[in-house]
Amino acid sequence: MEKLPEFLSYGRQSVDEEDIQVVIETLRSPFLTQGPKIQQFEQVIADYVGAKYAVAFCNGTAALHAACYAAGVGEGDEVITTPITFAASANCVRYVGGTVVFADIDADTYNINPVEVTKKITPRTKAIIPVDFTGQPADMDKIMEIAREHDLVVIEDSAHALGADYKDKKVGTLADMTIFSFHPVKPITTAEGGVIVTDNKEYLHKLQQFRSHGIERTDYAVEQGDWYYEMTNLGYNYRMTDIQAALGLSQMKKLDAFIARRREIADFYTKAFKNVNEIVTPNQLEGTNSGWHLYMVQLEGVSRKLVFEQMRALNIGVHVHYIPVYWHPYYQQLGYEHGICPVAECWYEKALTLPIHPEMTMAEISSIVKNIVELLK
Ligand SMILES: *Cc1c(COP(=O)(O)O)cnc(C)c1O
């Protein structure tokens, strides 16, 4: 065993001198918020994924909340999502008074299983929130087909998947609305931040309003004069700042290089574990190319807790993503029972996240492989 000199987190940002300079320049500019950087950043994101519109938010969770609002989810509506995700993918439904329905995952891809989605549809179903978990796109063709058949809105939670490919397209134009997060562990960072991309003008309008108190320049307001505006809905202050957008613009220049590096690391892991019986490496859905936000394996025939603790003792920041959302006390209190998604629960018990981020050195990657293989012996 070789202990790493410092704790190596499972994920972290990659920020360079250029990023720091653009933030400083923005601090010296007239606008710290509601300035020109937001729109520039939105345009760059929309162009990158090939979508018509982008709306930036203060974080990905606010973006999910706004998407549920724009989709018209409300009291009495059901929204289907996966239990193997960060809580925000489900919480956003609760923010607008809707009911979360969990559909089980596919054991190979760890993503929501379209067959299970179909089983959960009722006359009250309003939307589906598939998650591109670990950066691998969900089975979107099938999900969109189900949605069109039942007249459902699809909000793709791509918090992990900016830059991932689905059948020669970037993730971002497959669903009705797609959200990305810019938290420091995600593909690019704005510290906190998020965005929604969409081709739908009606959604665009609702999202922009929702982000800024429900305020708009109505025809009536224009008639009244330049100072006049109307608050027509109960919105929030979910705006991104120009400081964040400036950082995001600079980070976007490096996204492809970040993803390429993540793919190299994932490839290295997968090859290294090929003949290790206790480690099952992640399967990829045909036609997809993951952005590898996370590299997750299944441990067979060994104690996950023991491996986790021993790796942590070596300063290797292994992790587990995620505890099935409905196991959390909040959802338990709402009446969700253990066992409703058996594939997800079984998957979770064996799941382990290995560190992956662009700045990891070859020495660190080799050391992780060597240590875990030795430990399993
Ligand atoms: C990070 C994350 C979010 C929330 O993003 P924030 O920007 O942290 O609010 C939502 N869904 C998933 C799957 C995430 O990983």
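How far apart do the C-alpha centres of domain 1 and domain 2 lie? They lie 26 Å apart, in a predicted model where local features need pLDDT of at least 70, side-chain atom pairs count only at pLDDT 80 or more, and totals for chains, interfaces and linings use all residues. Residues are numbered from 1 along each chain as its sequence is written, and side-chain values use heavy atoms, with hydrogens and water left out.

**Domains and their interface**

- The domain assignment of the protein gives domain 1 as 17-252 and domain 2 as 255-376, the bounds coming from an automatic or database domain assignment.
- To the contact between them, domain 1 brings 40 residues and domain 2 brings 39 residues, where contact means heavy atoms within 4.5 Å.
- Between them, domain 1 and domain 2 bury about 3200 Å², with 61% of this on carbon and sulfur atoms; buried area is the accessible area (1.4 Å probe) that two parts lose on being put together, summed over both.

**Ligand shell**

- The ligand is surrounded by 16 residues, the closest being Gly 60, Thr 61, Asp 157, His 160 and Lys 186, and a residue counts as near if one of its heavy atoms lies within 4 Å of the molecule.
- By class, this shell has six nonpolar, eight polar and two charged residues, where Ala, Val, Leu, Ile, Met, Phe, Trp, Tyr, Cys and Pro count as nonpolar, Asp, Glu, Lys and Arg as charged, and the others, Gly among them, as polar.
- Helix H3 (60-70) and helix H4 (88-95) each supply at least two residues of the shell, and H3 gives the most, with three residues; helices (H or I, at least four residues) and strands (E, at least two) are DSSP runs, numbered from the N terminus.

**Polar contacts and cover of the ligand**

- A polar side-chain atom of Thr 61 lies 2.6 Å from an oxygen atom of the ligand, while for His 160 the corresponding distance to a ligand oxygen atom is 2.8 Å and for Lys 186 it is 2.9 Å.
- Of the 380 Å² of accessible area that the ligand has on its own, the protein covers 93%, with accessible areas taken from the Shrake-Rupley method with a 1.4 Å probe.

**Backbone features in loops**

- His 321 and Tyr 322 are joined by a cis peptide bond with omega of about -5°, and Tyr 322 has its place in the loop between helix H11 (304-313) and helix H12 (329-333).
- Tyr 110, in the loop between strand E3 (99-102) and helix H5 (114-120), has a phi near 70°, which is a positive value in a residue other than glycine.

Note on methods: A polar contact is a pair of N or O atoms within 3.5 Å; within protein, one must be able to donate a hydrogen and the other to accept it, and residues adjacent in sequence count only if both atoms are side-chain atoms.
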